[in-house]
Amino acid sequence: MSSQSRLDRAYKNAKVISFDDSSKFILFSDCHRGDNSFADDFANNRNIYFHALKHYYNEGYTYCELGDGDELWENLNFEIILRAHKNVYELLQKFFFENRLEMIWGNHDMVYRDPKYVKKYLSSYFDRKTNKETPLFPDIIFQEAIILKHTTSNQEIFLLHGHQADFMNYVGWRINRFLVRFLWKPLQVVGIADPTSPAKNYKETIKVERRIKKWIANQKNQFTIIGHTHRPRFPEAGELALFNDGSCVHPRSITGIEIENGCITLIKWQIATTEDGSLKIIRVPLEGPQKLTDFITD
């Protein structure tokens, strides 16, 4: 099956969510939450991420994670990750119980496409404080893709991870998982990057983007938002509507995409120094806000 066919299938089977101009979504991807070891890229930004997530919870946003939320190539199971970042999952749980959590699987958490695996590891966990099995995300379903469909304009926003355009990270993901788990994770500790990842291989990034752009063009410029490459992308109106929310493992910052008031904005959260020398976490708009309707084509 070609990358174009995989993208077609993801679009055809996508979960459809209605929204309007009063809806608020925050899109993050590629958190790669790990075990809090030296190989855990998320650990460096976890305080930034938690602060941003708390902001979006308090402001009534729906949280959409576009894949690779959990690092299940380097780590054997979810329980290790849950223990390392318990506060994050407790906050995500609040979104979940208020029906404000939408999860998409990527290549690093591809096991979540199996409902049995999700039910076994994410529905509940053993709380060592109470010695009881405790609900976490009961009956949660991870999607391959989601379509946000506007109730008035009928505009569709296609959300997916993007590895559908990357053969070795979709079809051959088990091979790459083996290489990462037993070869690149130990080397990562001493600073050697994984060359199989498009996030660390510019040529692979360009290939992935080119294939997705081809699909978008064939679908009459279908508005599409991905992650996977870790490279933020915000096109001009009139260009091919391929957006990328970046990642949560940039050096000292995280990036994401907000959809609010019928507009889209690429944002960054980072640590900044105030005039008195203290540090605080701030939100910085990078692109937009731009009206969603500016990307509707005739």
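This is a short tour of a predicted model, stop by stop. Local features here need pLDDT of at least 70, side-chain atom pairs count only at pLDDT 80 or more, and totals for chains, interfaces and linings use all residues. Residues are numbered from 1 along each chain as its sequence is written, and side-chain values use heavy atoms, with hydrogens and water left out.

**Stop 1: the cavity**

Rolling a probe the size of a water molecule over the atoms shows where empty space is left. A cavity is a set of points, on a 1 Å grid over the protein atoms alone, where a 1.4 Å probe fits but cannot get out. Grid points are joined across faces, edges and corners, and a volume is the space filled by probe spheres set on the points. The count is one cavity of 30 Å³ or more. The largest cavity has a volume of about 40 Å³.

Select R33, D70, F78, Y89, L92, L101, M103, L122, F137 and F142. These residues line the largest cavity; a lining residue has an atom within 4 Å of a point. Now colour α4 (86-97) and β4 (101-104): each supplies at least two residues of that lining. Helices (H or I, at least four residues) and strands (E, at least two) are DSSP runs, numbered from the N terminus.

Colour the lining by residue type. Eight of its residues are nonpolar, none is polar and two are charged. Here Ala, Val, Leu, Ile, Met, Phe, Trp, Tyr, Cys and Pro count as nonpolar, Asp, Glu, Lys and Arg as charged, and the others, Gly among them, as polar.

**Stop 2: salt bridges**

Side chains of opposite charge can pair when their charged atoms come close. A salt bridge is a side-chain nitrogen of Lys or Arg within 4 Å of a carboxyl oxygen of Asp or Glu. The structure holds ten of them.

E65 sits in strand β3 (residues 62-66) and R33 in the loop between β2 (24-28) and α2 (46-58), so the pair ties together parts 32 residues apart in sequence. Both E65 and R33 are buried. Buried means under 20% relative accessible area, exposed over 50%, and partly exposed in between (1.4 Å probe, protein chains only).

Next, select E204 and K207. This salt bridge has its closest N and O atoms 3.6 Å apart. Both residues lie in helix α8 (residues 202-218), three residues apart, about one turn of the helix. E204 is partly exposed at 22% relative accessibility, and K207 is partly exposed at 32%.

Move on to R231 and E209. In this salt bridge the closest N and O atoms are 2.5 Å apart. The pair links distant parts of the chain: R231 is in the loop between β9 (224-226) and β10 (242-244), and E209 is in helix α8, 22 residues apart. R231 is partly exposed, at 30%. E209 is buried, at 3%.

**Stop 3: backbone exceptions**

Most residues other than glycine have a negative phi, and most peptide bonds are trans. Select D30 and look at its backbone. Phi of D30 is near 50°, a positive value. D30 is in the loop between β2 and α2. It counts as buried, at 0% relative accessibility.

Next comes H32, in the loop between β2 and α2. H32 has a positive phi of about 55°. At 8% relative accessibility, H32 is buried.

Finish at G288 and P289. A cis peptide bond joins them, with omega about 5°. P289 belongs to strand β13 (residues 279-291).

Note on methods:
1 Å grid on protein atoms, 1.4 Å probe; cavity = no way out; pocket = protein on both sides within 12 Å on 5 of 7 lines; lining within 4 Å.
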